[in-house]
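Student: I have a structure open here and some questions about it. Can we go through them one at a time?

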Amino acid sequence: MFKKIISILAGSVFIAIGINYFAIPHHLVDGGIIGLGLIAKYTLGLKPGLTIIVLSLPLYIYAWFHFRSYFYNGLHGLLVTSLLIDYFHPLSSWDTAPILVSAITGGFMIGTGIGIMLLTKTSTGGVDLLALMIAKSTTLNVGIIILIIDSIVILFGWIIIQETTIIFSSLMVIMIGLTTFTITKYYTE
């Protein structure tokens, strides 16, 4: 239990810093539910953390009936991560690195946070939860599943938001996927 708490807190802090300090200042779009939360922030001014919770509800309802342990493990990760994303929002107004460095570093930070949480079968909600459920039913690595879904969300963000740079957003998502893949592959074998 202690390991899960540390995993959720550490992973959530990595994700919140990666999003607020590196992604938001450059209008970078992450994939999955987090990406949809960022798109809602850029277009409608909504809080990304709260949006993530709302958009994750259908997956959690499904997990309640079919993957009960993922529901319990993921719920804490979803709530803590979403709250910290909104709590760390002031970081988005600080001076940050250039867009290339931000895309790479932000991707590494977010991927590290996701990877740390996935090691204890915890997720940030949304796509992570969906990826865990798909990975349990297939032979695909959870990092690869996340990468595929994230790519679809980035394309959507690029179409909707003029300021979004698809190249740098894609680079960030690739870093997230590679970091998550490396952490989950290395520590689960």
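Student: Where does Thr105 sit?

Tutor: Thr105 is part of helix α5, residues 99-119. Helices here are DSSP runs of H or I with at least four residues, strands are runs of E with at least two, and both are numbered from the N terminus. The model is predicted, so local features need pLDDT of at least 70 and side-chain atom pairs count only at pLDDT 80 or more, while totals for chains, interfaces and linings use all residues. Residues are numbered from 1 along each chain as its sequence is written, and side-chain values use heavy atoms, with hydrogens and water left out.

Student: Is Thr105 buried, exposed or partly exposed?

Tutor: Thr105 is partly exposed, because its relative accessible area is 26%. Buried means under 20% relative accessible area, exposed means over 50%, and partly exposed is in between (1.4 Å probe, protein chains only).

Student: What does Leu118 touch?

Tutor: Leaving aside neighbours within four places in sequence, Leu118 is in contact with Ser123, Leu132, Val142, Ile146, Thr180 and Thr184. Contact means heavy atoms within 4.5 Å.

Student: And how far is Leu118 from Pro58?

Tutor: Leu118 and Pro58 are 20 Å apart from C-alpha to C-alpha, and 60 residues apart in sequence.

Student: Next, Thr179. Which helix, and buried or exposed?

Tutor: Thr179 belongs to helix α8, residues 166-188. With a relative accessible area of 8%, Thr179 is buried.

Student: Where is Thr51, and why does it count as buried?

Tutor: Thr51 is in helix α3, residues 48-66. It counts as buried because its relative accessibility is 12%. Setting aside residues up to four places away in sequence, Thr51 touches Leu36, Gly37, Ala40 and Leu46.

Student: Changing topic. How much space lies in the second largest pocket?

Tutor: About 160 Å³. The search uses a 1 Å grid over the protein atoms alone, and a pocket is an open set of points where a 1.4 Å probe fits, with protein on both sides within 12 Å along at least five of seven lines. Grid points are joined across faces, edges and corners, and the volume is the space filled by probe spheres set on the points.

Student: Which residues line that second largest pocket?

Tutor: Met1, Lys4, Ile5, Ile8, Leu9, Tyr72, Asn73, His76 and Thr122. A lining residue has an atom within 4 Å of a point.

Student: Which helix gives the most to that lining?

Tutor: α1 does, with four residues. Both α1 (2-23) and α4 (68-87) supply at least two residues each.

Student: Last one: how many helices and strands does the whole chain have?

Tutor: The protein chain has eight helices and zero strands. Of its 189 residues, 50% count as buried. Among contacts with a separation of 6 or more, 76% are between residues 24 or more positions apart. The C-alpha atoms fill a box of roughly 40 × 30 × 30 Å, taken along the principal axes.
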